[in-house]
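Please keep the sequence and the model in view while reading.

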Amino acid sequence: MWWHYVLVFIGAFIFDVVPFPFPPAFTIMVFMQIVFKLNVWLVILIGVAGSIFGRYVLTLYIPRIAGSIFNPDKNEDVRFLGKVLKEKGWKSQMVIIAYSLLPLPTTPLFIAAGMAKLRPIYIIPAFFVGKFTSDTVLVFFGKYGTENTEKMLQGAFSWQSFLSLVIGILLLSALLFIDWRSLIQKRKFKLNFRIWN
């Protein structure tokens with residue numbers, strides 16, 4: 001039975017290590033908890049650990065591939081955004097917590113942090129607080145919905161899950177195509193679609 005918890009860790013890790021909007025890690029946690037009838041608290045602790053490890057690895061490898069995928073101007077633009085985020089101190093931490101509490105993909109947040117070369121220790125503690133809180137609520141909702149598994153699986157393909165994916169793609173597009181230096185320094189909204197190498 002212990003290997004079921006290993007699957008929870010691996011599933012949460014895989015869902016959160018990919019550099020594009022993917023279903024939230026709590027979905028695999030809820031699925032594993034329902035299918036294998038696992039201890040809810042262990043699923044939450046192990047799943048959140050896998051998720052955080054996945055995001056940590058994402059912040060480590062994204063700067064390496066960002067240099068070969070995006071042009072130097074886009075990389076510099078996102079580094080500037082990261083510098084502004086870092087300068088805001090505790091306010092940025094509150095934004096990260098609040099964002100992690102929302103049912104939105106956190107992939108754009110970690111791609112920005114990785115491209116900006118923010119140290120993972122700067123973003124992960126706030127992410128942990130929001131992630132642990134939101135995943136706890138969602139996994140318990142999943143446990144409650146065990147008796148309605150069929151309805152939950154139908155809900156996985158609902159307009160809400162589609163909307164969440166669309167919002168994730170829009171946030172990632174905003175990160176990549178908005179000229180953040182121009183917006184923050186000159187208060188001018190400018191789009192730049194020539195970001196690829």
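Q: What percentage of the residues of the protein chain count as buried?
A: Of the 197 residues, 45% count as buried; the term means under 20% relative accessible area, with exposed over 50% and partly exposed in between (1.4 Å probe, protein chains only). This is a predicted model, in which local features need pLDDT of at least 70 and side-chain atom pairs count only at pLDDT 80 or more, while totals for chains, interfaces and linings use all residues. Residues are numbered from 1 along each chain as its sequence is written, and side-chain values use heavy atoms, with hydrogens and water left out.

Q: How many helices and strands are there in the protein chain?
A: The protein chain has 10 helices and zero strands. Both terms refer to DSSP runs numbered from the N terminus (helices: H or I, at least four residues; strands: E, at least two). The order of elements from the N terminus is accordingly α-α-α-α-α-α-α-α-α-α.

Q: What makes the meeting of Asp 16 and Arg 55 a salt bridge?
A: Their side chains meet at 3.3 Å, N to O. A salt bridge requires a side-chain nitrogen of Lys or Arg within 4 Å of a carboxyl oxygen of Asp or Glu, so the pair qualifies. Asp 16 lies in helix 1 and Arg 55 in helix 3, so the bridge ties together parts that are 39 residues apart in sequence. By this rule the count comes to five salt bridges.

Q: Why is Arg 55 called buried?
A: Arg 55 is called buried because its relative accessible area is 2%. Asp 16 also counts as buried, at 3% relative accessibility.

Q: Which parts does the pair of Asp 16 and Lys 131 tie together?
A: The side chains of Asp 16 and Lys 131 meet in a salt bridge at 3.8 Å, N to O. Since Asp 16 belongs to helix 1 and Lys 131 to helix 7, the pair ties together parts that are 115 residues apart in sequence.

Q: Why are Asp 135 and Lys 131 separated by about one helical turn?
A: The reason is that they stand four residues apart in helix 7. Asp 135 counts as buried at 2% relative accessibility, and Lys 131 counts as buried at 8%. Shared partners among the salt bridges join Asp 16, Arg 55, Lys 131 and Asp 135 into one network.

Q: How do the axes of helix 5 and helix 7 cross?
A: The axes of helix 5 (residues 90–101) and helix 7 (residues 120–144) come within 8 Å and cross at roughly 35°. These axes are lines fitted to C-alpha atoms over the stretch in contact, with angles from 0 to 180 degrees between N-to-C directions. Residues of helix 5, including Ile 96 and Ile 97, meet residues of helix 7, among them Ala 126, Gly 130 and Lys 131; contact means heavy atoms within 4.5 Å.

Q: Which residues form the nonpolar patch on the surface?
A: Trp 2, Trp 3, Val 6, Phe 9, Ile 10, Ile 14, Phe 53, Tyr 56 and Leu 60 form the patch, with about 860 Å² of accessible area together (Shrake-Rupley method, 1.4 Å probe; for residues, only the protein chains shown count as cover). Patches are made of residues with over 30% relative accessible area and no salt bridge; like charges are joined within 9 Å, and nonpolar side chains (Val, Leu, Ile, Met, Phe, Trp, Tyr) within 5 Å. Helix 1 gives the most, with six residues.
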